Amino acid sequence: MAYQVLPDTKEEEYPENFKQELDTFDYHRTKDRKIWDLSLLFLEGRQWVAWDSNVQGYAATIKNSPNYKVTVNLLLNIYRNLLSKLATTYPSIVVTPGSPSTEDILKAQASETILKYYWNRDDIKETLGKSFSWLLSCGTVGLHSYFDETQNRVTTEVISPFDLLFEPYVLSPEDSQWIAIRRHMPKAELEVSYPDHKEEIQEAVDAYAARDRPGEGSYTMMPENRVETFEIYWKDGKHAILMNQTYLYKGTNPLDEIPIEVMRYSEVPGKLWGIGLISPLIDMQWLYNKSRSQVLQNIELMASWYN
C-alpha cells in the first residue's frame, strides 16, 4: 500500500541534524543487512564465507573448515524457478466504470488506455521483474513512482532494501512518519541540478565504504566522485533531498500519499523487514556443502591408505 499524507498539517520546518536519525536507523538494522548480504553471496555461489570483524565484511577463509570445499548451489534453481513464475504472473490492468452510463463507460475506457500506455511506456513488466529479484533474495523491496523532469513523464524505479530507510524503531512501514531513499549520485550531476550548493557538493565525501556501516560486504566498491544523498518523504507533505547535513532541495509532495510502495515476501508480525526465499535455506545449503566435502575428504583418505 501507499502511505497516506496527514491532512491539515501546519508544520513547515525541516528537521535539523536529520542525517543523525538516518544513521541511527542504519545502525539498528545492521543484523538485517548482514542477512541480506549473506543471502546474496550464497545465491551467487560464494558459500564458504564467514563474517570478519576486522574488515567488516564476509571473508572467504573459514577456520576449521574441511580441506575440500565443495559448493553445489541448490539455491539458484529454486530462485530462478520462483522468479520466472512471478515474472509471468504480473498483474493486469482493468478499470471498471462506476455506473452503466455512457459517460462513465467512456471514462473507464480512457483511464484503462492511459494506464496501459504508462505500463508499456515505462516498461513496468521489466521493473517488476527487477523488484521480484530483490524480493526473493532479501525479502523486501520498494517501488518509487515520481515525475522525471528529464524524460517529462512519470516513471517507477526499484529501491533495494539496502537503500530504503524508515523512522528508527518502527515495526512496519505504515508506522513510519517518513520514508527515505539512499542514492549515490555523481558530483557533476548534483552540481548541475543544485548550483546553489556547488561548494558543499565539491567538498562532500561519500560514506559508502565507511567502517561504521557494516553488513554490506558485497557492496564495498563504488565509482569515484559519488556522493551519498537521501530523498525523503514525510507524512505531513514535506519532500527534500539531503546530502550530509545540507538540504539540497526543499519542497512539498503534491500527492496525498508517499509515492513509495514497500513489498515484503514473507511478512512477519511485529517485524519491519520481510523474510526472503534464500535466508531460511542458508543453513541447509551450508550443511549440504559440508557433508559433500566430508564425503570427498573421506574418500581421499581411504584411497591414500590403500596406496
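Valine 141 is buried in this predicted model, and its relative accessible area is 0%. That value puts the residue in the buried class because the class takes everything under 20% relative accessible area. Valine 141 belongs to strand β4. When neighbours within four places in sequence are set aside, the residues in contact with valine 141 are Ser131, Trp134, Leu135, Val158, Ile159, Leu164, Glu261, Val262 and Met263. Lysine 130 is eleven residues away from valine 141 in sequence, and the C-alpha to C-alpha separation of the two is 9.6 Å.

Strand β4 covers residues 140-148 and is part of an open sheet of three strands, ordered β5-β4-β12 and paired antiparallel. β5 (153-159) and β12 (260-264) are the edge strands of this sheet, each pairing on one side only. From one strand to the next, the twist averages 20°. Seven bridges connect β4 with β5 in the antiparallel sense. Within β5, valine 154 is the residue opposite phenylalanine 147.

Helix α5 lies across β4, β5 and β12 and runs at about 150° to β4. The helix consists of residues 124-138 and packs against helix α2, residues 30-43, with the two axes 9 Å apart and at an angle of about 105°. α2 and α5 are therefore roughly perpendicular to each other, since angles of 65 to 115 degrees fall in that class. On the α2 side the contact is made by Trp36, Ser39, Leu40 and Leu43, and on the α5 side by Trp134, Ser137 and Cys138. Five of the residues in this contact are nonpolar, two are polar and none is charged. Trp134 of α5 is also among the residues in contact with valine 141.

A second sheet is open and has five strands in the order β6-β7-β8-β9-β10, with antiparallel pairing. Its edge strands, β6 and β10 (246-252), each pair on one side only. The twist in this sheet averages 20° from one strand to the next. Strands β8 and β9 run antiparallel and are joined by four bridges. Isoleucine 232 has alanine 240 in β9 as its bridge partner.

| Strand | Partner strand | Bridges and sense |
|---|---|---|
| β4 (residues 140-148) | β5 | seven bridges, antiparallel |
| β8 (residues 226-234) | β9 (residues 238-243) | four bridges, antiparallel |

Serine 176 sits in the loop between β6 (164-166) and β7 (178-186). Is serine 176 buried or exposed? Serine 176 is buried, because its relative accessible area is 1% and the limit for that class is under 20%. A polar atom of the serine 176 side chain lies 2.4 Å from the backbone oxygen of tryptophan 178. Apart from neighbours within four places in sequence, serine 176 is in contact with Phe166, Glu167, Val170 and Lys235.

For the protein chain as a whole, there are eight helices and twelve strands. The chain has 307 residues, of which 40% are buried. Of its contacts between residues at least 6 apart in sequence, 67% join residues at least 24 apart.

Notes
Residues are numbered from 1 along each chain as its sequence is written. This is a predicted model: local features need pLDDT of at least 70, side-chain atom pairs count only at pLDDT 80 or more; totals for chains, interfaces and linings use all residues. Side-chain values use heavy atoms; hydrogens and water are left out. Helices (H or I, at least four residues) and strands (E, at least two) are DSSP runs, numbered from the N terminus. Buried means under 20% relative accessible area, exposed over 50%, partly exposed in between (1.4 Å probe, protein chains only). A polar contact is a pair of N or O atoms within 3.5 Å; within protein, one must be able to donate a hydrogen and the other to accept it, and residues adjacent in sequence count only if both atoms are side-chain atoms. Contact means heavy atoms within 4.5 Å. Two strands pair if DSSP finds at least two bridges between them. Axes are lines fitted to C-alpha atoms, for helices over the stretch in contact, and angles run from 0 to 180 degrees between N-to-C directions. Angles under 35 degrees count as roughly parallel, over 145 as roughly antiparallel, 65 to 115 as roughly perpendicular and the rest as oblique. Ala, Val, Leu, Ile, Met, Phe, Trp, Tyr, Cys and Pro count as nonpolar, Asp, Glu, Lys and Arg as charged, and the others, Gly among them, as polar.
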